[in-house]
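Q: I'm new to this one. Please walk me through it, starting with the wording.

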Amino acid sequence: MSRLHIRLVVSFLLVSIIFSFFPPVFQGRAKADKVIVQGDHLNVRTGPGTSYRAFAKLDQGETYYVLDKKGSWVKLRLNHGETGWVAKQYVIGVRKKAVVTADRLRVRSIPSSHGNIIGYLEQGQTVHIAETEDGWAKIVAPSFVGWVSLAYLASDGQQETEMRRIGWVTADSLNVRARPSLQAERVEKVTYGQQVQIMLKRGEWYQITTEDEKIGWVSSDYISIVSPATSQWLTVLYDDVNIRSAPSLDGNVKATARYGERYRVLGKIGNWYGIEIPGRGIGYIAGWLVSVSADGKSESKTLKGKTVVIDAGHGGKDSGARSVNGTMEKTLTLRTAKLLKEKLERYGANVVLTRSTDRYLSLPERVQTAYRYQADVFISIHYDSSKDQNAKGMTVYYYDMFSDYLLALSLEHPFSRIMSIPFRGVSFGDYHVIRENKLPSVLVELGYLSNPTEADIIATDRYQQEVTNAIANGLRNYFG
């Protein structure tokens with residue numbers, strides 16, 4: 001005997017041994033992972049054997065999914081997230097549901113018109129199909145199991161199909177029920193934006209698993225389904241963007257995203273995107289803080305190769321404005337300039353400071369720095385002062401309508417999003433460092449040191465982060 005023949009014989013023997021462990025009910029043309037109960041009051045036990053405790057009973061005609069098999073026992077997935085073992089001889093595998101299309105359809109003992117008639121089915125009755133053979137279907141009805149002609153069965157609109165999808169609740173409050181019926185008992189409630197795992201579909205109902213692993217049925221009208229094959233990706237457009245647990249500003253913060261980070265889109269509810277947070281599950285991010293691309297290659301604005309000159313106003317003998325508690329403008333502008341430099345360099349920019357220490361520079365020296373380094377943009381940092389202690393807010397100044405105005409406008413949107421102090425808008429300003437500078441230039445006044453309340457705010461780390469994020473994002477918009 002050749003080696004090939006020996007291998008074939010061995011393979012045949014192995015397959016025969018494997019199939020010998022499973023009774024015919026779980027064999028056939030399509031092995032089913034779903035079974036229907038045969039007989040009332042079937043005991044469900046904690047383990048595969050009569051020695052294990054029975055904790056529930058199943059009724060004839062109920063269907064369940066098989067999780068495991070051991071000897072003559074099968075482990076089923078029950079309602080409410082429970083599992084249990086039943087004797088294999090009292091369940092039969094099923095493939096799908098069907099509807100009877102003929103009145104008093106004969107049910108026979110074998111798949112043949114010569115088989116004994118063991119019962120009848122009424123038109124419109126729903127049955128489970130266990131297997132098919134030569135134009136016949138083995139059906140499971142509430143009172144018997146037998147064979148009927150496939151010609152008199154139609155696909156059931158209530159057929160259960162496995163979904164395995166992620167979904168979000170779109171109703172303020174949605175009842176989760178024990179069965180797919182409005183009359184079934186309520187076992188749980190889910191709320192707007194809550195993530196669920198969709199397991200099955202039956203007509204207009206979904207069987208879901210909640211985040212705390214409870215199982216039940218909900219109306220499909222109030223669940224937004226997300227295809228797992230979505231190719232949409234989003235790119236974060238700002239620093240320190242909150243990713244929340246629900247599609248609302250009231251949702252808890254699950255993570256923080258930084259500019260340029262990309263996330264796979266799982267779905268959208270209103271103006272919020274559901275995204276996959278690596279290693280942390282699902283989160284939501286506001287649509288106005290991101291850009292979305294359908295090809296996984298979101299266009300991300302970059303400052304790579306751009307030269308930015310940052311001018312920290314005043315310095316040395318020129319202290320600039322001073323707050324009532326002694327904060328000097330020259331100190332604050334340098335602090336802001338250094339923090340902004342770090343952020344712009346993170347995004348690839350070549351950043352030059354007109355001064356990096358507390359030293360005096362003349363106005364022409366500041367302008368010359370921009371020309372010396374062939375800057376793409378020039379930004380002069382200042383803090384305002386007024387005799388009116390109630391004056392408040394930030395202002396962006398430009399001089400040249402053709403050279404400076406677009407740069408100033410690029411800062412308008414990110415500045416207007418800062419909530420700590422008001423934004424006064426974009427205005428014309430006749431200041432030396434932008435008037436004598438032919439390169440795109442702006443001068444920004446980032447708050448009033450003469451206003452005691454505002455002076456305290458602008459000296460905080462939080463505000464410094466906010467305002468430097470706004471300038472960085474504005475530059476990305478400008479170069480994008």
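A: A polar contact is a pair of N or O atoms within 3.5 Å; within protein, one atom must be able to donate a hydrogen and the other to accept it, and residues adjacent in sequence count only if both atoms are side-chain atoms. The model is predicted, so local features need pLDDT of at least 70 and side-chain atom pairs pLDDT 80 or more, while totals for chains, interfaces and linings use all residues. Residues are numbered from 1 along each chain as its sequence is written, and side-chain values use heavy atoms, with hydrogens and water left out.

Q: OK. What does the side chain of S441 reach?

A: The backbone oxygen of L439, at 2.7 Å. S441 sits in strand β34; strands (E, at least two residues) and helices (H or I, at least four) are DSSP runs numbered from the N terminus.

Q: Is S441 buried or exposed?

A: Buried, because its relative accessibility is 0%. Buried means under 20% relative accessible area, exposed over 50%, and partly exposed in between, with a 1.4 Å probe and protein chains only.

Q: And what does S441 touch?

A: Leaving out residues up to four places away in sequence, S441 touches F378, Y397, Y398, D404, L407 and I434. Contact here means heavy atoms within 4.5 Å.

Q: Where does P440 lie?

A: In the loop between α5 and β34. P440 counts as buried because its relative accessibility is 17%. Setting aside neighbours within four places in sequence, P440 is in contact with D376, V377, F378, S403, D404, L407 and Y478. P440 and V377 are 63 residues apart in sequence, yet their C-alpha atoms are 5.0 Å apart in space.

Q: Back to β34. Which strand order does the six-strand sheet have?

A: β30-β29-β31-β34-β32-β33, in an open sheet with mixed pairing. Two strands pair if DSSP finds at least two bridges between them. β30 (350-353) and β33 (423-428) are at the edges with a single partner strand each, so one side of each has no neighbour in the sheet. From one strand to the next, the twist averages 20°.

Q: How many bridges join β32 and β34?

A: Three, and the two strands, residues 394-398 and 441-448, pair in the antiparallel sense. In this region Y397 stands opposite L443 of β34.

Q: Which strands does α3 lie across?

A: Helix α3 (residues 363-372) lies across β29 (307-312), β30 and β31 (377-384), and runs at about 170° to β29. Axes are lines fitted to C-alpha atoms, for helices over the stretch in contact, and angles run from 0 to 180 degrees between N-to-C directions.

Q: Which residues of α3 are buried?

A: R366, V367, T369 and A370. Seen down the axis of α3, they fall within an arc of 145°, so they line one face of the helix. The arc is that of the directions from the helix axis to the C-beta atoms. These buried residues pack against β29, β30, β31 and α5 (432-435).

Q: What comes just after α3?

A: Q374, with a positive phi of about 50°. Q374 lies in the loop between α3 and β31, and it is exposed because its relative accessible area is 65%.

Q: What about phi of D134?

A: Phi of D134 is near 50°, again a positive value in a residue other than glycine. D134 is in the loop between β11 (126-133) and β12 (136-140). At 68% relative accessibility, D134 counts as exposed.

Q: Now the core. Which residues touch the most other members of the largest nonpolar core?

A: I310, L344, I381, F415, Y463 and L475, out of 40 residues. Helix α7 (residues 461-479) gives the most to this core, with six residues. A nonpolar core is a set of buried Ala, Val, Leu, Ile, Met, Phe, Trp, Tyr and Cys residues joined through side-chain atoms within 4.5 Å. Another core, of 23 residues, lies apart from the largest one and includes L237, I243, L266 and A286.

Q: What does L344 touch?

A: L303, V308, I310, A349, V351, A472 and L475, not counting residues up to four places away in sequence.

Q: Last one: where is K343 found?

A: In helix α2 (residues 329-346). K343 counts as buried because its relative accessibility is 2%. Its side chain makes a polar contact with the side chain of N469, at 2.6 Å. Beyond four places in sequence, K343 touches D239, Q465, T468 and N469.
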